Amino acid sequence: MPLLNASDPADLRRARQHVVDGHLLAFPTETVYGLGARADDDAAVAAIFAAKGRPADHPLIVHVAGPDQAQHFAAEFSATARRLMQQCWPGPVSLVVRRASGAAQAAAGGLATIALRCPSHPVARELLAQAAALGVPGIAAPSANRFGRLSPTCAAHVRSEFDSSLWVLDGGACAEGIESAIVDCSGAQPALLRPGTLPRASLEAVLGLAVLAAAQTDSPRVPGALKAHYAPQAPLRLMSAALLDQALQVSGGGIPGLAVYSRSVSWRAAKRLARAMPDDPAQVARELFAVLREFDAGGAQLIWVEEPPADPAWDGVRDRLRRAAAA
Ligand code: TXA
Ligand code: MG
């Protein structure tokens, strides 16, 4: 079964009841689709790890209706965390804070900290508000894809990752397209663990900081921070515009199954997969995972992508592409 229609209130209530009853539900957020289970039920959360094939010590993000629900999971909120909650919620920013003892042990992968996010997608908000009204303080949800694969940005992507018994609440295509920014507010200094669509400078402005520290890279506890992640099936190579142009002229025509995603090099050889990369980073974020999935579905054997500009507005997209290239 169930592909449920989020714009039908009866379907939304069924979906909410399914998750309140302790079952898995894939649901839309403004970033990507999440694979959710009630965060206060360790057995329900264990089913997420099993379905994704994700190691049990890799923590999940807990989604909440607002700061009141977030309180349930946090031991305390630093001044940094409060500012971000006030100014960036609801929205695509997750906070890592110290975890309340005993709360959401499985979702947190046993860590002393927990990641919290209040999504802005109207369907996610309604789902979380209804669940909260029934005493469920949060829904733990990683991206609704198998471990290491591309995050899904529409219901059809989710369905292609899991068997048809999974309940999917269809709320259309995700507006942001890449996962939330994650800011670690649990230590002495805040750190950006994963760039999202909200520019680093905006986070710095909210925090009143000249520089928001970068993550210490490649912590195995942070799968979004693993070098190889967000990968299409075909190997992906990032290249400068000049190198891409040269490579296409030299050998592009002769490489079977070559796909190209580029801003400045146009390449429309017959029978090839090619997409023009938009100039707007927000637009690229929105379509990126769908484009890579489309290349896979089109039988791509090799994907060449033009390196995005160095401008910080491209941080989120660049991060995902570099990880995809490292897979
Ligand atoms: O936009 C998003 O954040 C999406 C949607 C569904 O909300 N979710 C998402 O979840 O991207 P996931 O599981 O694919 O990525 C969660 C990231 C991982 O890199 C995880 O390790 C990190 O959050 N994380 C969770 N708890 C953490 C913690 N206590 N400390 C550090 N990182 C944590
Ligand atoms: Mg993920």
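The following legends describe close-up views of a predicted model.

Residues are numbered from 1 along each chain as its sequence is written, and chains are lettered from A and ligands numbered from 1 in the order in which they are written. Local features in this predicted model need pLDDT of at least 70, and side-chain atom pairs count only at pLDDT 80 or more, while totals for chains, interfaces and linings use all residues; side-chain values use heavy atoms, with hydrogens and water left out.

**View 1. The 11-stranded open sheet.** The strand order is β1-β8-β2-β3-β7-β4-β6-β5-β9-β10-β11, and the pairing is mixed. Strands are DSSP runs of E with at least two residues, helices are runs of H or I with at least four, and both are numbered from the N terminus. Two strands count as paired if DSSP finds at least two bridges between them. β1 (3–5) and β11 (213–214) are the edge strands, each pairing on one side only. Within the sheet, β3 runs antiparallel to β7 (residues 139–140), to which two bridges join it; R38 has I139 of β7 as its bridge partner.

View 2. β9 and β10 form a hairpin with six residues between them. These two strands run antiparallel and are joined by three bridges, with D184 bridged to A191 in β10. β10 pairs with β11 in the parallel sense over two bridges. The partner of L192 in β11 is A214.

**View 3. The largest nonpolar core.** A nonpolar core is a set of buried Ala, Val, Leu, Ile, Met, Phe, Trp, Tyr and Cys residues joined through side-chain atoms within 4.5 Å. Buried means under 20% relative accessible area, exposed means over 50%, and partly exposed lies in between (1.4 Å probe, protein chains only). The largest core has 50 residues, of which V62, F73, L84, L95, L116 and L203 touch the most other members. At least two residues each come from β3 (34–38), α2 (42–52), α4 (79–88), β5 (93–98), β6 (113–117), α6 (155–161), β9 (181–184) and α7 (200–207). In soluble globular proteins, nonpolar side chains tend to be buried together.

**View 4. L95 and helix α4.** Apart from neighbours within four places in sequence, L95 is in contact (heavy atoms within 4.5 Å) with A81, L84, M85, W89, I114, A115, L116, V183 and C185. α4 lies across β5 and β9 and runs at about 155° to β5. Such angles run from 0 to 180 degrees between N-to-C directions, with axes fitted as lines to C-alpha atoms, for helices over the stretch in contact.

View 5. L203, E204, V206 and L207 are the buried residues of α7. They lie on the same side of α7 because they cover an arc of only 160° around the axis, the arc being that of the directions from the helix axis to the C-beta atoms. Their cover includes α4, β5, β9 and β10 (191–194). Exposed residues A201 and A205 are on the face turned away from the buried side of α7. Just after α7, G208 has a positive phi of about 65°.

**View 6. T31 in the loop between β2 and β3.** The loop that holds T31 lies between β2 (25–27) and β3. T31 is buried, at 3% relative accessible area. Its side chain makes polar contacts with the side chains of T29 at 2.9 Å and R117 at 3.1 Å. A polar contact is a pair of N or O atoms within 3.5 Å; within protein, one must be able to donate a hydrogen and the other to accept it, and residues adjacent in sequence count only if both atoms are side-chain atoms. Beyond four places in sequence, the residues in contact with T31 are P92, R117, T153, C174, E176, G177, I178, E179 and S180.

**View 7. L236 and the four-stranded open sheet.** This sheet has the order β12-β15-β13-β14, with parallel pairing. Its edge strands are β12 and β14 (273–276), each of which pairs on one side only. From one strand to the next, the twist averages 15°. β13 (residues 258–262) pairs with β15 (residues 302–306) in the parallel sense over four bridges, and L258 is bridged to L302 in β15. L236 lies in β12 (residues 236–239) and is buried, with a relative accessible area of 7%. Leaving aside neighbours within four places in sequence, L236 is in contact with L292, I303, V305, L321, A324 and A325. The C-alpha atoms of L236 and A259 are separated by 9.3 Å, the two residues being 23 apart along the chain.
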